[in-house]
Amino acid sequence: MDGLARLEYRGYDSAGVAVLGDGALRTEKRAGKLANLRQALEEQPISGDGAGIGHTRWATHGAPNDVNAHPHVDNDNRVAVVHNGIIENFAALRLELEEQGCKFASETDTEVAAHLLRTELARHDGLASAMRAVCRRLEGAFTLVATSVDDPGLVVAARRNSPLVVGRGEGENFLASDVAAFIAHTREAVELGQDQVVELRADSVTVTDYDGDPVDVREYHVDWDASAAEKGGYDYFMLKEIVEQPRAVADTLLGRVSVDGQLTLDEMRLSPEELRSVEKIVIIACGTSYHAGLIAKYAIEHWCRIPCEVEVASEFRYRDPILDQQTLVIAISQSGESMDTLMAVRYAREQRARVLAICNVNGSTIPRESDGVLYTHAGPEVGVAATKTFLTQLAACYLVGLYLAQVRGQKFGDEINAVIAQLATMPDQVERVLDTVEPVRELARSLADADTVLFLGRHVGYPVAMEGALKLKELAYMHAEAFAAGELKHGPIALIEDGLPVVVVVPSPRGRSVLHDKIVSNIQEVRARGARTIVIAEEGDESVRPYADVLIQIPAVPTLLQPIVSTIPTQVFACELALAKGNDVDQPRNLAKSVTVE
Ligand code: AGP
């Protein structure tokens with residue numbers, strides 16, 4: 001149950017467990033959060049001395065109710081299965097199984113796996129062999145974990161396009177979608193590859209492919225411990241993760257410069273020759289990671305003069321993008337498991353583009369399937385809303401931009417070092433913003449009844465505005481929208497009415513002054529039409545003060561790096577407003593931390 005609690009961020013609309021013992025299989029399942037299952041188990045405990053499996057669900061097929069919750073069992077109650085992903089051919093398989101006499105209890109795609117396993121068990125020697133046979137029949141994405149009363153000390157799991165990791169303990173072993181589930185027991189993990197099956201006993205771990213042939217696996221040590229995945233005195237993980245940002249950014253920047261002053265990205269795996277041949281960059285990502293990509297474009301094009309496109313991963317492969325060996329695709333994903341991004345990565349590699357992943361989770365699928373990787377070091381992020389991983393993605397993107405400029409000779413070493421020195425000050429600047437955000441909290445509480453909040457930005461402030469609007473939508477369930485401030489007069493200004501809160505992210509007046517002046521005009525335009533202006537501007541920027549109903553000051557930093565500080569007030573704003581509405585900011589409705597289905 002504690003392991004499930006650590007995984008609850010991945011899905012929290014229902015949960016269940018199955019345990020084996022005394023020749024029987026006992027299951028308990030409940031709709032709603034894990035607390036409901038916990039209570040049911042307290043009222044009516046189930047026990048067993050064999051293996052156990054459990055699941056927290058994010059519904060795809062079938063409503064989130066008790067019956068559709070996992071585990072699912074066969075008609076003889078001998079096999080139990082939990083599943084992440086989508087079995088795309090489940091309708092045909094269900095029909096076939098029903099014709100053979102199987103009775104289905106749920107509306108899920110998962111249940112076909114339970115019945116299929118039972119059928120294959122009758123034909124095969126053992127659960128692992130049956131699992132391989134089942135996997136060969138399934139289409140789509142799945143991690144399946146199964147137990148059977150025939151062998152109570154065994155858990156068998158298989159994966160295709162969905163995460164699964166093994167934890168190796170002393171006389172005990174674990175399986176989970178994420179190391180967080182077993183980090184309290186062991187930090188030694190084994191990465192499972194695509195289309196592999198694992199047989200797990202207390203004293204052995206055997207991994208094969210779907211044909212039963214043994215495969216090599218990568219073992220690794222997890223560099224954070226259980227305390228990193230605890231709330232540490234905060235009411236919500238999100239609150240803790242926001243304040244962890246200075247450390248997260250510092251850790252991501254750590255150790256990137258060699259003794260001779262060269263930027264060195266050890267895990268990069270792409271050679272300087274390969275990077276010198278790059279003619280175009282395409283960044284693919286989803287949600288918050290996409291916003292990091294939008295910001296990266298400004299930095300990369302400015303520093304490296306390489307054309308850079310940014311695209312939502314779910315759209316990318318459906319538009320026949322032009323890619324070749326000279327294209328560098330940068331896939332940004334904190335989890336490394338977003339199915340949309342993973343599919344885009346695979347597509348890009350099929351087109352012979354080189355792929356560099358920026359990722360926060362060691363051993364996850366996207367970096368494993370990419371040509372190179374740059375890991376962010378944010379530590380585990382449990383709150384569904386990305387905060388510290390976003391800031392570290394920005395830091396990583398800046399590093400990639402500077403590294404490209406270095407290997408391609410587009411900037412002198414001292415110019416690169418000057419930016420690295422500025423980057424090195426960012427953790428302190430983030431700390432300063434965090435020290436001064438109390439008024440943002442008050443403001444957020446005062447706006448708890450607002451219906452809509454608009455966000456405006458220009459240049460790198462535009463993606464920051466988009467990120468602010470996304471946070472507000474996902475946490476406070478309110479309408480929030482971001483516009484490039486220059487687009488206002490092309491339509492959105494019609495939305496402005498008396499008292500409408502408009503958050504404006506103002507570029508530094510020390511950057512391109514024309515940019516700054518233009519946004520000051522935009523602020524005046526919305527204010528003249530009744531908007532309540534909430535202005536995020538650099539300390540010392542007095543020109544915005546007369547037009548700001550609320551002025552939020554951030555430290556003066558170089559223009560391209562400003563998102564690292566300007567994002568923080570928008571995170572705090574969304575979090576506090578959601579809390580004022582009584583929402584659970586760690587587990588907002590309808591969402592999951594890693595979206596492992598397309
Ligand atoms: C951010 O707050 C969201 N929860 C979501 O948009 C997220 O950034 C997106 O699903 C991408 O996830 P990834 O970085 O793990 O690929």
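Let's start at the ligand: one of its oxygen atoms is 2.7 Å from a polar backbone atom of Q334. Bear in mind that this is a predicted model.

Around the ligand there are 14 residues, and the closest are S289, S333, S335, S338 and E474. With T288, a polar backbone atom is 3.1 Å from an oxygen of the ligand.

Now to the helices. Helix α17 covers residues 461–476, and helix α19 covers residues 563–580. Helix α13, which spans residues 388–407, also packs against α19. Here are the two pairings side by side.

| Helix pair | Angle | Axis distance |
|---|---|---|
| α13 and α19 | about 165 degrees | 10 Å |
| α17 and α19 | about 20 degrees | 9 Å |

The angle of about 20 degrees is under 35 degrees, so α17 is roughly parallel to α19. Their crossing is right-handed. On the α17 side, the contact is made by V464, E467, G468, K471, L472, L475 and A476; α19 brings P563, S566, T567, T570, F573, A574, C575, L577 and A578. By type, these residues are ten nonpolar, four polar and two charged.

For α13 the angle of about 165 degrees is over 145, and therefore α13 and α19 are roughly antiparallel. Here, too, the crossing is right-handed. F390, L391, L394 and Y398 of α13 meet P563, I564, T567, I568 and Q571 of α19. Seven of the residues in this contact are nonpolar, two are polar and none is charged.

Definitions and conventions:
Residues are numbered from 1 along each chain as its sequence is written. This is a predicted model: local features need pLDDT of at least 70, side-chain atom pairs count only at pLDDT 80 or more; totals for chains, interfaces and linings use all residues. Side-chain values use heavy atoms; hydrogens and water are left out. Axes are lines fitted to C-alpha atoms, for helices over the stretch in contact, and angles run from 0 to 180 degrees between N-to-C directions. Helices (H or I, at least four residues) and strands (E, at least two) are DSSP runs, numbered from the N terminus. Angles under 35 degrees count as roughly parallel, over 145 as roughly antiparallel, 65 to 115 as roughly perpendicular and the rest as oblique. A crossing is left-handed if the near helix is turned anticlockwise from the far one by less than a right angle, and right-handed if clockwise. Contact means heavy atoms within 4.5 Å. Ala, Val, Leu, Ile, Met, Phe, Trp, Tyr, Cys and Pro count as nonpolar, Asp, Glu, Lys and Arg as charged, and the others, Gly among them, as polar. A residue is near a molecule or strand if one of its heavy atoms lies within 4 Å of it. A polar contact is a pair of N or O atoms within 3.5 Å; within protein, one must be able to donate a hydrogen and the other to accept it, and residues adjacent in sequence count only if both atoms are side-chain atoms.
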